[in-house]
Amino acid sequence: MGLFIDALLRVSVLAFVSLLTQVTPVLTVAWTTSPFNPASIPLVVRTPYLSAWLPQGNGVAINHAWPQFWTSGNLGWAGYIRVDGTTYTILGDPVVSGTSPVLATQQSMQFTATSTFFRLSAGPVDVVLSFISPIEPSDLVKQSTPLSYLTVQAISTDGAAHTVSVYSDISAEWACASNSTETVVWQSNTTGPVFTHQVMLETQQNYTEYKDFIMQGVAHYSTTNNGTSTTYQTGQDIVVRSQFINNGVLANTFDTNFRAISDDWPVFAFSQDLGTVSGTSDTVVFAVGHVRDPAVEYIVAGGAYQARSLYSWSAYPDGVGEMIEGFIDEYPNAVLRAQEFDKQIENDASAISSNYAGVVQLSIRQAFGAMELTISKNSDGSWNTSDILMFLKEISSDGNVNTVDVIMPAWPVLLYTNPVLGKYLLLGLFEYQATGQWPATYAVHDLGSTYPKAIGHNNGNAEDMPLEECGNMLIMTLSYTQKTGDTSIITGYASTFYNSGCSTNLLNQWTSYLIAEALIPAYQISTDDFAGKLANQTNLAIKGVIGIQAMAEISGMLGNTASEHNYSSIVDSYVPQILNYATAEDGQHLDLSYGNDSSWGLSYNLYADKLLGTNVFPQSVYDMQTAWYATVVNTYGVPLDTRHTYTKSDWQMWTAAFMTNTTTRDMFIDSVYKYAANGANNVPLSDWYDTRSGLSDGFKARPVVGGHLALLALYISGAMR
């Protein structure tokens, strides 16, 4: 498509930033923000390894600090604009001795579900930086493409004509954000319609992480080839940057001295000459990505390991160059789809509240940034696009693969955007356990201890959350089936047949475990493992009995009325017993654990009862909990339970979704919003924080923030209409 987009699309893109002055943030910063200034601003968030953020605290401009990987390692990403011979810094924190570029002044920042926009003033020209990470949940090729956009536009603010050129580079840190002493190699392609720099670790280690970054794959930085208007250069950071600062163009030369990332800091740069700008310039398009193949190692029957690749490879037989060209060429359409997606999110979430819309918009890229869609190969080497599995990294906590109790809180974002993606997450768990290699009768906690090695736990040494995970698997399975009408999971894994020693009766097997264990939960952990073990957890009993009823519903769908009635009768017997054990003597709340009336907690598992429409618990329980939570809220929300003052943002949103009045519902929503916008934190949105101080408690960038869409997941199912 070339460098430029037409005037209509320019207007469309600039419409994204038209709302920047309309919202007053909780934190006051030196620029206007919409919807608010978060703890860390998402820039590029596509995969567990393509994840760039701008930490904020009480406010940091886009050209005052380096972007960071979610772990906090720097990702060198510099940008300049040259206006009438004067160079202004617009991105990153580059320092080049002997030069004196002017710092552009940030005027505004806006984020949407897919994009983040900055507007800066550079003398008589304003600059709009757009960071777009497409979310395409219904297009598996596009959703699995590990690339993101940065675009730059210049706007004359005085009505006069100005000569303008734009520069950007990335450092080798994009090839390994966790260890700057690693040696990297690189090459560039400066022919054809797209120019691309590639940088990678000299020693590749498939499926191996170091401090949460993959020691495999290639970082790419690309832009369109516009003839003599486009120049390029690779080399030491201060050499390449000073070339542009002083001259406004690059030297079209390459540094071939491969070395460590921090050894004279090699960078990979492009510049684009926009010529004379008297209004709004055409748009400079850059693409940044981190590409690897294979992506995930997955255990199959017999203990064999299968190499799986990102789904997007199936559309690009000529390789990564074709992928990048296609991605850049698709930019105008990608922007329009992003706008449509963002508008839908904003409209739906704003129907609940404006604060809710802000939290949801911040959460979606983070949730999807932990997930990767994969396929296998046929015996002839061709892509098997009918074998689709999605993998999720438990970012920042354990680093596990497809952790069931991380998928569960994130589940609402999948129900809202495309529930079929939820199926692809569950299938890997089902298929592994159906091989019989997992030795326990209850559901496995995860598919592997360290992403991206989904190699199971054949020795049984996974984290034990037996009641938690059995309930989660049954609830999510029914939820998916209800939402889509697709019965393939329940027909495949609720059968009474056994093939080659491999159980396909997993759903009934897990239900049997719940029948034995859910009424009086043993001393164990729940998904909130950091809170410690506890016996007789009311919330686990709630999950267990809803899980049993989920299996009753599944049995009915399969025409097995005997099992349906049997499971339902057990639920009918268990529920009054649970309420008798768990309700405080004064009738004001459910206890955290049976009989301890001084204890209470967020009974967020009741959300599943509403989501599934199972109506296991009477309305009086919801009314009681709604009234109680309004009396125990702190500055930033309701504590997770009485053992601590911390809480979880995802579980607060789950709880908000089943509150019986909008005042208490909005109390939860507004508490999460207030925390997210308080200016006291500087990491990608943490779901775990203290309700008194508003300080995050250690987690960051986790996909469980997909649970913030809990109200939307009910809304689109009709339950909130």
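**Labels and their grounds**

Guide: R308 and D387 form a salt bridge through their side chains, with 2.9 Å from N to O. The pair joins distant parts of the chain: R308 belongs to strand 23 (residues 305-310) and D387 to strand 25 (residues 383-392), 79 residues apart. Strands are DSSP runs of E with at least two residues, helices are runs of H or I with at least four, and both are numbered from the N terminus. This is a predicted model, in which local features need pLDDT of at least 70 and side-chain atom pairs count only at pLDDT 80 or more, while totals for chains, interfaces and linings use all residues. Residues are numbered from 1 along each chain as its sequence is written, and side-chain values use heavy atoms, with hydrogens and water left out.

Visitor: Why is the contact of R308 and D387 called a salt bridge?

Guide: The term requires a side-chain nitrogen of Lys or Arg within 4 Å of a carboxyl oxygen of Asp or Glu. The N to O value for R308 and D387 is 2.9 Å, so the pair meets the definition. Side chains of opposite charge can pair when their charged atoms come close.

Visitor: What makes R308 and D387 buried?

Guide: Buried means under 20% relative accessible area, exposed means over 50%, and partly exposed lies in between (1.4 Å probe, protein chains only). R308 has 0% relative accessibility and therefore counts as buried. D387, at 17%, is buried as well.

Visitor: How many salt bridges does the structure hold?

Guide: The structure holds 19 salt bridges. One of them joins D169 and R241, with 2.8 Å between the closest N and O atoms. D169 lies in strand 12 (residues 162-171) and R241 in helix 3 (residues 237-247), 72 residues apart. Both D169 and R241 are buried.

Visitor: How do you know that strand 5 and strand 6 pair?

Guide: Two strands pair if DSSP finds at least two bridges between them. Strand 5 (residues 77-83) and strand 6 are joined by 5 bridges and run antiparallel, so they qualify. V83 has T86 as its bridge partner in strand 6. The hairpin of these strands has 2 residues between them, and D84 there takes a positive phi near 50°.

Visitor: What makes strand 6 mostly covered?

Guide: In strand 6 (residues 86-91), 5 of the 6 residues are buried.

Visitor: Which strands form the open sheet, and which are its edges?

Guide: The open sheet has 6 strands in the order 7-6-5-12-20-18, with mixed pairing. Strand 7 and strand 18 (230-236) are the edge strands, since each pairs on one side only. Strand 7 (residues 102-103) meets strand 6 in the parallel sense over 2 bridges, and T89 stands opposite L103. Strand 5 also runs antiparallel to strand 12, joined by 7 bridges, with I81 opposite V166.

Visitor: What is I81 in contact with?

Guide: Contact means heavy atoms within 4.5 Å. Beyond its neighbours within four places in sequence, I81 has contacts including T86, Y88, A122, V127 and V166.

Visitor: What makes a group of residues a nonpolar core?

Guide: A nonpolar core is a set of buried Ala, Val, Leu, Ile, Met, Phe, Trp, Tyr and Cys residues joined through side-chain atoms within 4.5 Å. The largest one has 228 residues, and I81 is among those with the most contacts inside it, as are W77 and F118. Helix 12 (residues 538-557) gives the largest share of this core, 10 residues. Another core, of 9 residues, lies apart from it and includes Y80 and V240.

Visitor: Why is S671 called buried?

Guide: S671 has 7% relative accessibility and therefore counts as buried. Its place is in helix 17 (residues 662-676). Leaving aside neighbours within four places in sequence, S671 is in contact with V633, Y636, G637, Q652 and Y689.
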